[in-house]
Amino acid sequence: MIAKSQDNDNYLTHSRGISSWIFTLDHKRIGVMYLISVLVAFLLGGLFAMLIRVQLLAPTGLLFHKTEVLKDLVVYKPYNQIFTVHGAVMIFLVLIPGIPGALGNFVLPIMLGAKDVAFPRLNLWSYYFYVCGMLFALSSLVLGAVDTGWTFYTPYSVQTSTAVISVVFGAFLLGFSSIFTGLNFIVTMHKLRPRGMTWFRMPLFCWGLYATALIQILATPVLAITLLLLILERLFHLGIFDPAYGGSALLFQHFFWFYSHPAVYIMILPAMGIMSEVIATFSRREIFGYRFVAMSSIAIALIGFFVWGHHMFPNGQSAPANVIFSGLTVLVAIPSAIKVFNWLATLYKGSIDLKTPMLYALGFFFMFSIGGLTGLPLAILPTNFNAHDTYFVVAHFHYVMFGGALFMFIGGIHYWWPKITGRMYNESLGRLCCLLELLAFNLTFFPQFILGLHGMPRRSAVYSPEFQYLHVLSTIGAFIQMAAFLVIGAYLLHSLFRGKKAPANPWGGSTLEWRCSSPPPHDNFKETPTVGMPYDHHGLKWDEETEGFERKEKELVLHA
Amino acid sequence: MTQLTIPQSPHEHPEHLAHHFESLQQQYDSGKLGIWLFLTTEILMFSGLFCGYAVLRSLHPEIFLYAHRYLSVELGALNTVVLIFSSFTMAWGVRAAQLGQTKLLVRLLTITLVCAFVFLGVKFVEYKNKWEENLLPGKFYHPEEPPPGGEFLKLRGTDSQSVKNDKPADVKPQVTAGAVGERSTIAPAAIGPTGLSEPWLEGKHHGRQSWSGPEPDNVQLFFGIYFAMTGLHGVHVIGGMIVIAWLIGKARKGVFGPDHFAPVDFVGLYWHLVDLVWIFLFPLLYLIS
Amino acid sequence: MISSLLAQRTFWLESPASTSAENHDLVFYALLYVMAFFFFLVVAIMLAFVVLYRRRKGQAYDNAPTHNTLLEILWTVIPLGIVIGFFVVGLKYYVDIESPPAGADIVDVEASQWQFNFKYPNGADSNELYLLVNRPVLLKLTSKDVTHALYIPAFRVQRNAVPGQNTELWFQPTQLTAKDPTTGEESFYHVFCTQYCGNGHAEMNTKAFVLTKEDYDKKLAEAANIFVDRNSNQPLPYIEVGKKLYTTMGCSQCHSIDGAKGTAPTWKGLYKRDHEFSKTNEPGYTLKESDDDKKWDDYFQRSILHPEADIVQDFQNVMPSQESALSGSPYKEKKLAAIIEYIKSLGDPKYYKPMKTPDLHDSQKPQASDTAKPTAKKDEGK
Amino acid sequence: MIQKPADTSAKHDSTHSALGHVVPLWLLSAVFGALLVLTGATVAVAHIDLGNMNLYLALAIAGAKATLVILFFMHLFWDRPFNAMIFIGCLLFVSLFIGIALTDSRVNDASAVGGQGSAMRGVHVPLGGPK
């Protein structure tokens, strides 16, 4: 079938030469370029995280501390710059573009059975906006790294002497990159679905990306204007956000969180999409309650817009707003809960194969549950007043963003690696590292819940000695994680050269991308494929000679 | 399908059909949906400025009542008419493109472009005046003259209650200091909306909408928001002019016709949005009370 | 009663020290149990399924149910009920948080980079927070520069100090901070700034003491009158007071006394040292070793109240005026004198003639204290 | 390739092109006229003092003008309903954003006047009254 007939021509070999990559309009190549850049940024952000953890080994600061000669508080400045850059890089350069930009770009059109995204040229622009944004953001490292925290709160961000503008402008460009991607995906899903691919036959990863795209379209422009105004504030003191000129500091926080809260759903929703794919494939089951899972993505996206105020409970936000936002925030928990329960039910009576991606998915259950549940004390008003801006918050969002979104990003990379590169990675190493990550992650971030509840404020370069042992645990965990990530990088790279050729369908996946060869041909499908139910595994048989799963067209269930 | 073999760019292909689309209709609908989504993002982007405007105006009405008199309603109105007319010619241009009336299309687009130039010209005159009178945002705001219309008691600085103390002119050195070193010495802002001096409070009680007191605090806020809003809008006008110029070039070659007028249509939509924004900016900035 | 039971364990939270803390712990531990329940539920089911349904050789495709509306409704409605329940409970205590009792003592908190300044009804002010046990207190927060936050974990309360805005925060301490009988160390509650506010954010924290009536009055009297030795009740020499002020007023953050380079000129040998100014208000103003004491005193006073007036060569105009810090105290003049005395004492010994220690009685009766409102300060700042 | 106006207009009657709806010229002109009239109106109204009404009236007129432009100049009247949905949805989000930010600042401000100082003063009564 298709898979075998075209092994000679795939999107990697379709055309050669550096310019065939730089100017490519092929969504797959753009996806790959995204993947590489995002991973580079991830490494960078990780290194900054390590520096943070090293500093916090000692109560008085291991790297940056006062000395006999230099008592000035400016000694802490490098630390403030480091955690700011860590946050900005991880959020704007890794989490937000990561899954949609890299995996989404590569997989989405194939999953739909389309030849490309709706606007290939815009897609390329989106990538280059990302690159420029990245360069601007990182240029600040040279120009005097920004030290405002990734939230750029005024009036401090207006006063500090560090290079705020370059980073903010970088984030501004990254915003456009994100908008273009979202716009592209929405149009693609509306207009480029082939006959037979109805809305409720779309794989859930597409639904996740659709919900994400909605947020990218509706929220990101507000970030753009916010950052633009911040730049003007620094240049001309417009005064809108600066009390010294009659403006309101709180207004900036409203502007900022109107984007940045929905943004956390930009990060987690696609991860949930990958979760659905992986769970379905490796337990050979249709996703339980497909429509509920699909709709809960949309619900999360929409409700997510009404809850930004929970970042501002003690910040001087008015009581009525506090109450409204608290009430709406607890509601967001529901769609996420629905997803988790449906995934659990999907495992029931499945045929569960513990391949690496599946391990990541199971890890997601574990850490997303913790991350999600610890969101409750932050949504409920009295408990928020104790946990706000402490390490409890730090732990909470690392469990959701890192343990949730990033783990599924890594899981997704493993899941589609054979499809993207046409190579298989070392399975046992993959499993080992995943487990290692899981343990080390909890060692790193669980102590931070306790730190926070005992009052350890976030963004502090030094702390009172009674917190030390928890910080040490956390640092140890961080180092193990770093090591594990390096190993992962190593065996993935190794697989590129030594890995054995990947079959069209190594996992027994039922969605369309597994029906075209690995790596896929330039046009994905020569003739538009017949579309069945997304998670129908009937007739998928392990084929010894291709070492992949195969099935006869006629075994597709074409209507449920 | 023949499309599989054609080069990527829609514009070199006779049927203007990109390889990944099935039909012209599908391609057109995709483009239309795309441009509407893009307009959505534009609106949300401007909404930030409108939000800032709304909050500041509701907190410091006196600033707006006082400062809007610095603006010239005549020029604002003129620009409104110019933009509306350009919108009209643009809409007509789309019609011309749909009917393949190439010459007419080129003419209409040219008129639209000229209107845009006129608009920018008027804006330039306005900005120039503001610049000369130092009616600028933040620390650059220190006009010599009170605004025309309504007799203003020139009490600046004489009563301790209002004005001078955190006038930007005074804050400036401190703020820059804060920026250089890490410690800032900005005086704490007054309780309540800054500088609600007596005349205003009375005025408020009588629901009076005009401001006849001394200059209120933080008038520079008005010019901050004024330049931000009109400036961003101006940038969009310039962007529009570039694409319209590009359209004219294409139209001269006669590439637009009944089955390929999408570019004209989409640029048109964008241009109408620019017009829409101005339709709101005009009353909000020029016609206060 | 339940809350006090739960509060025994200090693994998750340190023991509550205020009424609001007890309320908080009640909600928190309830949440904790619910969270733990759902977490273990999910993980247990997951592991069970993984073991039960692991892939076996030649296993046929199993047609298990793929949807069940009843289940969906159940696991939508039950969590919904729970979270809404918690929201309502939270709301109940939130109303309490936002409703300061009528008779609460009012303490003005002025946050600035990087210290808190607490002003008490009697006009005394301090950088540490003194509280009366079992008595509600209402903190009114303002910020002089950027956004700060005041957070006291033991009381489970937190609120931002926002420039240009006024926020407030009330609580009622219930646990005394005792003095350790053996070491004489006074125990205290941490007060943190949780809103990132610049270089010194990490060190922007202080101590809160919860005291009995008499200790409280004593502390406030001390805070108001720093010119008397608390033990011997004898007047302190100005140089001692100046040394105390050097730390309490935060001079130590920038001015070293050992010649170390800081953000600002060291005080070591400052007195009667020739000065180079990068900027002065009156053109041509100079300050030389030869100048008389009067001129030097004026210079010191001006540099404390209006630091922006003359800027010493190689230093930035970054020092905030101490006007507002001093104006709260009835001893403004004497404090100034004390600081200047201390600076002089660090200068070249051959110029330093110690000032006569003030006699007791005039230092004990404070003048009419003016608790300056932020608005007033704005003017004095100039 | 050049398309001659003649043959194309022969191929397409003046209300339908291959892909989109063609707006008749009289309608465009009518809309243009209406917009001019409304502009005049809004300027005129501004000079009458109606207290707060001035603002709302000005916004209402602007809204009317906007509606005309959107429906006819921007073809939304004949366009696919989904595009209209997008547009309306976008307006909803704008109002949500401005609405909440505005209310919050107003409440804070109201409480700040009179030096009460609290961002929360005067609002706990609706929440159940001070104890």
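A residue is buried if 20 or more other C-beta atoms lie within 10 Å of its own. I keep that cut-off at hand for these notes on a predicted model.

**Entry 1: Asn322(A)**

I started with one residue. Is Asn322(A) buried or exposed? I found 28 other C-beta atoms within 10 Å of Asn322(A), so it counts as buried. It sits in helix α11 of chain A, which runs over residues 319-347. I then looked up what Asn322(A) touches, leaving out residues up to four places away in sequence. The list is Gly309(A), Phe313(A), Gln317(A) and Leu381(A). I also checked a distance to Leu486(A). Asn322(A) and Leu486(A) are 164 residues apart in sequence, and their C-alpha atoms are 43 Å apart in space.

**Entry 2: chain A as a whole**

Next I stepped back to the chain. I counted 17 helices and 2 strands in chain A. Of the 560 residues in chain A, 69% are buried. I looked at contacts in chain A between residues at least 6 apart in sequence. Of these, 82% join residues at least 24 apart.

**Entry 3: confidence in chain A**

The average pLDDT of chain A is 91, and 97% of the residues score at least 70. Residues 1-7 of chain A have a pLDDT below 50. That stretch still makes 9 contacts in the model beyond near neighbours in sequence. I note a caution here: where pLDDT is low, the predicted coordinates should not be read in detail.

**Entry 4: nonpolar cores**

Which residues have the most contacts inside the largest nonpolar core? They are Cys206(A), Tyr210(A), Met275(A) and Leu150(C), in a core of 378 residues. I followed up Met275(A). Apart from neighbours within four places in sequence, Met275(A) is in contact with Trp343(A), Ala361(A), Phe364(A) and Met408(A). I also found a second, separate core of 15 residues. Its members include Ile226(C), Leu236(C), Leu245(C) and Ala338(C).

**Entry 5: chain C against chain A**

I moved on to where chains meet. The contact takes 77 residues from chain C and 77 residues from chain A. Which element gives the largest share of the side of chain C that touches chain A? I found α3(C), with 15 residues. Elements of chain C that each supply at least two residues to this side include α2 (19-52), β6 (148-152) and β9 (189-192). By class, this side of chain C has 43 nonpolar, 24 polar and 10 charged residues.

**Entry 6: chain B against chain D**

Here 52 residues of chain B are in contact with 50 residues of chain D. On the chain B side, α1 (24-59), α3 (73-98) and α8 (262-286) give two or more residues each. The largest share, 17 residues, comes from α1(B). I sorted the side of chain B that touches chain D into 30 nonpolar, 17 polar and 5 charged residues.

I finished with α1(B) itself. It is mostly covered, with 27 of its 36 residues buried. At 1.5 Å a residue, α1(B) should span 52 Å. Its end C-alpha atoms are 52 Å apart, which agrees.

Definitions and conventions. Residues numbered from 1 in each chain as written. Chains lettered and ligands numbered in written order. Predicted model: local features only at pLDDT ≥ 70, side-chain atom pairs only at ≥ 80, totals over all residues. Core = buried A, V, L, I, M, F, W, Y, C linked by C-beta atoms within 7 Å. Buried ≥ 20, exposed ≤ 12 C-beta atoms within 10 Å, placed from the backbone. Contact = placed C-beta atoms within 7 Å. Helix = DSSP H or I, 4+ residues; strand = E, 2+ residues; numbered from the N terminus. Nonpolar A, V, L, I, M, F, W, Y, C, P; charged D, E, K, R; others polar. Expected span 1.5 Å × (residues − 1). pLDDT = per-residue confidence, 0-100.
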